[in-house]
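Here are a few friendly notes to read with the model open beside you. Take them one at a time and find each part as you go.

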Amino acid sequence: MMMTRAFAIVERDLRKFRRSPFLLVAALILPLAQLVILGNAFGGNIRNVTIGVVNLDHGPESVDVHERLLAVAANAKTFLPQEYGDRTEAIQALRNGKLGAVLIIPTNYSRDLLMGHHPRLALVTDNTDRATAGGIGATMADLVNSINRPEVAARQPAQVGLDTVEIYPYTSYIQYLLPGLITLAIFITAMIGGGILYIDDKQRGLHEGYLMTPITKWELIVGFNLAGAIKGVLAGLVIVIVGSMIAGVRGWWMPQVLGELLLVTVLTSIALIGMMFFIMARIDDPLVPRAIFGVLNTLLFFPSGAVYPIAGFPSWLRHMAVADPFTYAVHAYRALLLQQVGLGAILPDLGALVLTCVLMLGGATLLFRRAL
Amino acid sequence: MHAIEVNQLSKTFGNLKAVDGVSFTVDKGEIFGMLGPNGAGKSTIIRMLTTLITPTAGSAVVAGSDVVHDADAVRLKIGVIPQNMTSDPDLTCEENISIHARLYGIPRRQRRQITGELLASVGLADRAKAFARTLSGGMRRRLEIARGLVHAPQILFLDEPTTGLDPASRMSVWEMIAHLRDTRGMTLFLTTHYMDEADRLCDRIAIVDHGKIVVLDTPTALKAAVPGAAVLEVAFAPDLAKGVSDLEALAAVNRVTQQGPALYRVASDRGPAAAEEVMDLSRRQGVELRSLSVQSTSLDDVFLHFTGHGLSDHDTTVPSVGWSKKK
């Protein structure tokens, strides 16, 4: 009897979900758009930035610098050098945004270098754009190292060397982003289905229709959360498959990996719909879920390591990440999709997601009232 | 045994006493009406009786079960048609009924049968596949009634069932309510602020005002209790010199109320004599008697008599009307 009555709510929600593709489309469009746009916009190498070169030396060593700059322009294409006769003019062009940086070769550079006086090149960068400045700076540092390297190799090799071995295939940023966006799709489904539509239905009096029947508080909680979780799982799985194809992730189609991904998706969906039900348990105003949508999205998505490694966060933000259920979902998806390491590596994530489910549904049960 | 027994039922919201110690009984098979203006406490009473809200004090037994201590048993035995439409506009008529039946734990095969029967009984068989949002107000209300009947309840509660409906739809809902009592022997409890609805449908009427039952009786007995068997509606152009006072001064007049500019409602035990006196008055003052109609006592007069104010006094969209008692 209990499941029959709870399934009445599930049936109603799924019929509406199937009939109105809005929820599914809304849940899928944002993460997919972010995957394609953010995935390709971030994480790429800086290329084809014009830099100004002010040569105040004109000696043979400055010609060597110029040739090395042209070599970068021809191969790595990080920047394209453009000669400036006047330092002030070059700096003004940098300020106006025409240049990404200015390299100044000082007077007597060639003489000082030949005499071993350690001349210094000056790189003036636009530090309001840290990514470009960093990219140019790193390439320029390599270029200076190459100038410093002796023409003839030392008879004694260096004492210590470091060889880096990558244990997984090359991972692009779009692939790095995918786990966070799967979690985001589930969150959007929970936010719209379990937040906005739930409160709208309440406001329209549809919940009064439930309350006049013998359905119990438990059946209502099971019904609302089960319906929301099913929708979250559907949205999550669509992004797992479509997103993996777009990002070029391999191996997700293996039955064992798919089963593990399904488990993480189910737990993430229950955790997020439970959290939404907990937040909305005492809310009647339809403006509230709309108002907190963006805030929740920011508070959950960005601290989770979805777009940038948690290791780079300040201490307070790391604490937020620990309390954020997104963190565990993102880590679990990353482990399964990019590292394909299996359940053993994500047991702590699964534990955290189960704990979130228990806490959120328990809290929601305490707050939820079977009354108008 | 009564279908409904209510004893000193009260409900307080903060400092507001919405229902103040009401007591009444409803017999099985009766159509019981609760008449009162918006905000009188009718919907709060119906919500307590249908277990949607918990009383602050008092008790109510509905279909043999206590609304607080045995709420689930009550819910199984009653059908509720709330004031707001609770059917889902994005589901079809048959889906709305079938899913509602599932909430009562009715098995699938039985649900299919019940859905068809109920839609036919409310005249919506041909709209079974139509979305509820495409129905007219009257059809939507009939769908609500069909939904309320899925589990064959002993008592059907209808909270202002015809509010917002056009006259034809109201008539159709009235016929359905009468039909339910006649064919199923069902007890019906309805609230309304329409006098004609209460007068036409109800076996007994409780007049509710400020959270209390002011009077409870059959429509006939209520009308008989009002002094002034006849009511005259008179309009002058221009208005009388002293308005209400001029009319109250007439010998055959019991009470006068101003309905609008130069428009009066005059209650009298001697209708024809009062009509003659009104005509004399207009001649004496040299004002034209634009209209004069004689009516028998209505529930409007009953309401005014027992509450001291008009039913629409609480509705800010209607000009204020007040009785003035003859001294």
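1. Start with the core. In this predicted model, the largest nonpolar core has 145 residues. Those with the most contacts inside this core are A:Ala185, B:Val62, B:Ile155 and B:Phe157. The element that gives the most to this core is α7(A), with 17 residues. As background, nonpolar side chains in soluble globular proteins tend to be buried together.

2. Now pick out B:Val62. Which residues does B:Val62 touch, leaving aside its neighbours within four places in sequence? They are B:Ile4, B:Leu49, B:Val67, B:Val74, B:Ile78 and B:Ile155.

3. Next, follow helix α7 of chain A, residues 173-203. Its 31 residues, at 1.5 Å a residue, should span 45 Å, and the end C-alpha atoms are 43 Å apart, so the two values agree. At A:Pro179, α7(A) bends by about 35 degrees. Is α7(A) mostly covered or mostly uncovered? Mostly covered: 26 of its 31 residues are buried. Just after α7(A) comes A:Gly205, with a positive phi of about 90 degrees.

4. Finally, look at where the chains meet. Chain B brings 21 residues to the contact and chain A brings 23 residues. On the side of chain B that touches chain A, α2 (71-77) and α3 (93-103) of chain B each supply at least two residues. The largest share of that side, four residues, is from α3(B). By type, the residues of that side are 10 nonpolar, four polar and seven charged.

Notes: Residues numbered from 1 in each chain as written. Chains lettered and ligands numbered in written order. Predicted model: local features only at pLDDT ≥ 70, side-chain atom pairs only at ≥ 80, totals over all residues. Contact = placed C-beta atoms within 7 Å. Nonpolar A, V, L, I, M, F, W, Y, C, P; charged D, E, K, R; others polar. Expected span 1.5 Å × (residues − 1). Bend = angle between axes of the 7 residues up to and from the residue. Buried ≥ 20, exposed ≤ 12 C-beta atoms within 10 Å, placed from the backbone. Core = buried A, V, L, I, M, F, W, Y, C linked by C-beta atoms within 7 Å.
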